[in-house]
Amino acid sequence: MGLQALFFYLFAFIAVASAFMVISARNPVHSVLFLILTFINAAALLLLTGAEFLAMILLVVYVGAVAVLFLFVVMMLDIDFTELRAGAAKHAPVAALIGLIVAIELIVVIGGSVISPAAKSAITQPIPAITERQNTQALGDVLYTDYVFFFQIAGLVLFVAMIGAIVLTLRHRTNIKRQDISAQVARTPETAVKVVKVKSGQGI
């Protein structure tokens with residue numbers, strides 16, 4: 001138990017320190033690298049709690065896709081962050097209000113057991129013990145039984161969003177040779193072959 005607590009405080013300290021460096025680093029590339037370090041330590045904290053599925057999803061989705069995408073965008077587009085930060089002061093009151101709301105929600109969620117001790121008994125799907133059921137198996141049981149329709153709806157929404165993004169960003173360029181599948185299938189020998197009579201000793 002002492003070793004587990006030691007690793008918890010180690011990963012928590014690195015996660016908090018790297019999260020602070022994300023917003024304080026002047027170089028945006030360094031900010032993205034600190035963000036990746038924050039995600040890695042958060043995944044380690046999830047592993048300590050027995051949520052190995054969430055830890056792997058955090059590494060694969062956020063570290064392997066989102067953070068790396070941010071890094072490539074920052075490095076390739078050469079964004080002028082000085083110009084972007086110039087207008088940040090006028091949005092500070094709205095940002096402070098949103099931050100206050102999020103902080104209140106976190107306090108209510110974390111202190112929910114203190115404010116309302118009966119909240120634990122209202123959980124319809126209690127988490128089984130790790131010795132009885134692994135975290136991934138428990139999530140699969142709940143996701144593909146009680147919430148299978150919501151899971152399918154979420155996949156449909158993401159599918160529609162993907163199609164919408166393709167339609168909005170697709171641009172047809174002119175003067176480019178394109179294939180017409182129906183015209184190719186409907187070709188006959190008369191239209192596909194052109195016989196040219198050339199006199200002897202002359203080219204085409």
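**Entry 1: Ser 31**

I began with the neighbours of Ser 31. Leaving aside residues within four places in sequence, Ser 31 is in contact with Met 21, Val 22 and Ala 25. Contact here means heavy atoms within 4.5 Å. I then placed Ser 31 in helix H2, residues 28–48. Helices (H or I, at least four residues) and strands (E, at least two) are DSSP runs, numbered from the N terminus. Is Ser 31 buried or exposed? Ser 31 is buried, because its relative accessible area is 12%. Buried means under 20% relative accessible area, exposed over 50%, and partly exposed in between (1.4 Å probe, protein chains only).

**Entry 2: ground rules**

I noted that this is a predicted model, where local features need pLDDT of at least 70, side-chain atom pairs count only at pLDDT 80 or more, and totals for chains, interfaces and linings use all residues. Residues are numbered from 1 along each chain as its sequence is written, and side-chain values use heavy atoms, with hydrogens and water left out.

**Entry 3: the whole chain**

I looked up the helices and strands. The chain has 10 helices and zero strands. Of its 204 residues, 12% count as buried. The accessible surface comes to about 17,000 Å², and 72% of that belongs to carbon and sulfur atoms. Accessible areas come from the Shrake-Rupley method with a 1.4 Å probe; for residues, only the protein chains shown count as cover.

**Entry 4: the core**

Which residues form the largest nonpolar core? I found seven: Ile 36, Phe 39, Ala 43, Ala 55, Leu 58, Val 63 and Ala 67. H2 and helix H3 (52–77) each supply at least two residues of this core. H3 gives the largest share, four residues. A nonpolar core is a set of buried Ala, Val, Leu, Ile, Met, Phe, Trp, Tyr and Cys residues joined through side-chain atoms within 4.5 Å. I also checked Ala 55. Not counting residues up to four places away in sequence, Ala 55 touches Ala 43, Leu 46 and Leu 47.

I compared two spans with the model. Residues 32–48 are 100% helix and 0% strand, with end C-alpha atoms 25 Å apart. Residues 149–170 are 95% helix and 0% strand, with end C-alpha atoms 31 Å apart.

**Entry 5: Val 167**

I finished at Val 167, in helix H8 (residues 148–169). Val 167 is exposed, because its relative accessible area is 59%.
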